[in-house]
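Open the model in your viewer and keep the selection panel at hand. The tour below goes from one selection to the next and says what to look for at each stop.

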Amino acid sequence: MARSRSSSSSSKWRYCNPSYYLKRPTRLALLLIVFVCVSFFVWDRQTLVREHEVEISTLSEEVNQLKNMLEELKSVDGDAVKLIGEKKDLPDEPIDVERRQKVKEAMIHAWSSYEKYAWGHDELQPQSKKGVDSFGGIGATLIDSLDTLFIMGLDEQFQRAREWVANSLDFNKDYSASVFETTIRVVGGLLSAHDLSGDKIFVEKARDIADRLLPAWNTPTGIPYNTINLAHGNTRNPGWTGGGNILADAGTEQLEFIALSQRTGDLKVSAEGRECYSRA
């Protein structure tokens, strides 16, 4: 009985004897792998703890600094508010004024060339100095520039462009237009001009082109076709999509159509977008 207990005890302690593993290289390798894995795990945890402590310490210092700044502001009370108000009235830095002026001069140069060589056309070819109608002849550059002209304070240029939109802009074109490009550039450009100037002619023109684009949403899924004829309403998808609709186009077009519905009170243009998502 005693011999049995002694044999059992010695069999348990044999795992602590190095000679046991030297005779069994497979178990020695397994033991080393386990040792390395445990060491890496412990080292990684300690590293994470140290990094966490450093981050906590840094955040605590920043919080204390903010508290001190807040106390200082409270101590000066009305003087702090006065200083903040004075800061808003500080003159612009000369370099900022110069940069804005250079940007404005670049815009005037580009716009003057467009007025001179391509007025009413979609784009200006700068080398040949000729206008081209790559969007069917709807004055894409002119419409796209309305908000920029207004924001830059180019009032004369803006008024000339406004008169062209009111008297010469015609969307009844036998042209297969990109629904996406026409939405973001024409509908979006006209709505931006309306929001900035308050001139209703822009929102009226935006409704005109939006009504011509709406048949593109007459699809089994509600996701619009990519191309539509502005005069006849014929729709199709480009060959490079394999005949499929482009979901990304439908997603971004919601912005302009919903904005138009908000400004006109006509929900049909935004309803098409909601139907598109409900079907998808």
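This is a predicted model: local features need pLDDT of at least 70, side-chain atom pairs count only at pLDDT 80 or more; totals for chains, interfaces and linings use all residues.

Ile246 sits in the loop that runs between strand E5 (235–236) and helix H10 (247–264). Is Ile246 buried or exposed? Its relative accessible area is 18%, and buried means under 20%, so Ile246 counts as buried. To see what surrounds Ile246, leave out its neighbours within four places in sequence and show Ile223, Asn226, Trp240 and Thr241, with which Ile246 is in contact.

Now zoom out to the whole chain. The chain has eleven helices and five strands. Of its 280 residues, 29% count as buried. The accessible surface comes to about 18300 Å², and carbon and sulfur atoms hold 56% of that surface. Among contacts in the chain with a separation of 6 or more, 57% are between residues 24 or more positions apart.

Next, select helix H8 (residues 179–197) and helix H9 (residues 200–213). Their axes come within 8 Å and cross at roughly 160°. How do H8 and H9 run, roughly parallel or roughly antiparallel? Angles over 145 degrees count as roughly antiparallel, and H8 and H9 are therefore roughly antiparallel to each other. The crossing of H8 and H9 is left-handed. Show side chains on both helices. On the H8 side of the contact, look for residues including Val186, Leu190 and His194; on the H9 side, look for residues including Phe202, Ala206 and Ile209. The residues of this contact of H8 with H9 comprise eleven nonpolar, four polar and two charged.

Move to helix H5 (residues 94–118) and helix H6 (residues 140–151). These two helices pack at an angle of about 145°, with axes 12 Å apart. The crossing of H5 and H6 is left-handed. Which residues of H5 meet H6? They are Met107, Trp111 and Tyr114, and the H6 residues they meet are Thr141, Leu142, Ser145, Thr148 and Leu149. The residues of the contact of H5 with H6 divide into five nonpolar, three polar and no charged.

Keep H6 selected and colour its buried residues: Ala140, Leu142, Ile143, Ser145, Leu146 and Leu149. The cover over these buried residues of H6 includes H5, helix H7 (155–167), H8 and H9. Just after H6, click on Gly153, where phi is positive, at about 75°.

From there, go to Gln157, which lies in helix H7. Is Gln157 buried or exposed? Its relative accessibility is 14%, so Gln157 counts as buried. Apart from neighbours within four places in sequence, Gln157 is in contact with Trp111, Glu115 and Leu149.

The last stop is Lys129, in the loop between strand E1 (123–125) and strand E2 (130–132). Most residues other than glycine have a negative phi. Phi of Lys129, however, is near 55°, a positive value in a residue other than glycine. With a relative accessible area of 47%, Lys129 is partly exposed.

Notes:
Residues are numbered from 1 along each chain as its sequence is written. Side-chain values use heavy atoms; hydrogens and water are left out. Axes are lines fitted to C-alpha atoms, for helices over the stretch in contact, and angles run from 0 to 180 degrees between N-to-C directions. Helices (H or I, at least four residues) and strands (E, at least two) are DSSP runs, numbered from the N terminus. A crossing is left-handed if the near helix is turned anticlockwise from the far one by less than a right angle, and right-handed if clockwise. Contact means heavy atoms within 4.5 Å. Ala, Val, Leu, Ile, Met, Phe, Trp, Tyr, Cys and Pro count as nonpolar, Asp, Glu, Lys and Arg as charged, and the others, Gly among them, as polar. Angles under 35 degrees count as roughly parallel, over 145 as roughly antiparallel, 65 to 115 as roughly perpendicular and the rest as oblique. Buried means under 20% relative accessible area, exposed over 50%, partly exposed in between (1.4 Å probe, protein chains only). Accessible areas come from the Shrake-Rupley method with a 1.4 Å probe; for residues, only the protein chains shown count as cover.
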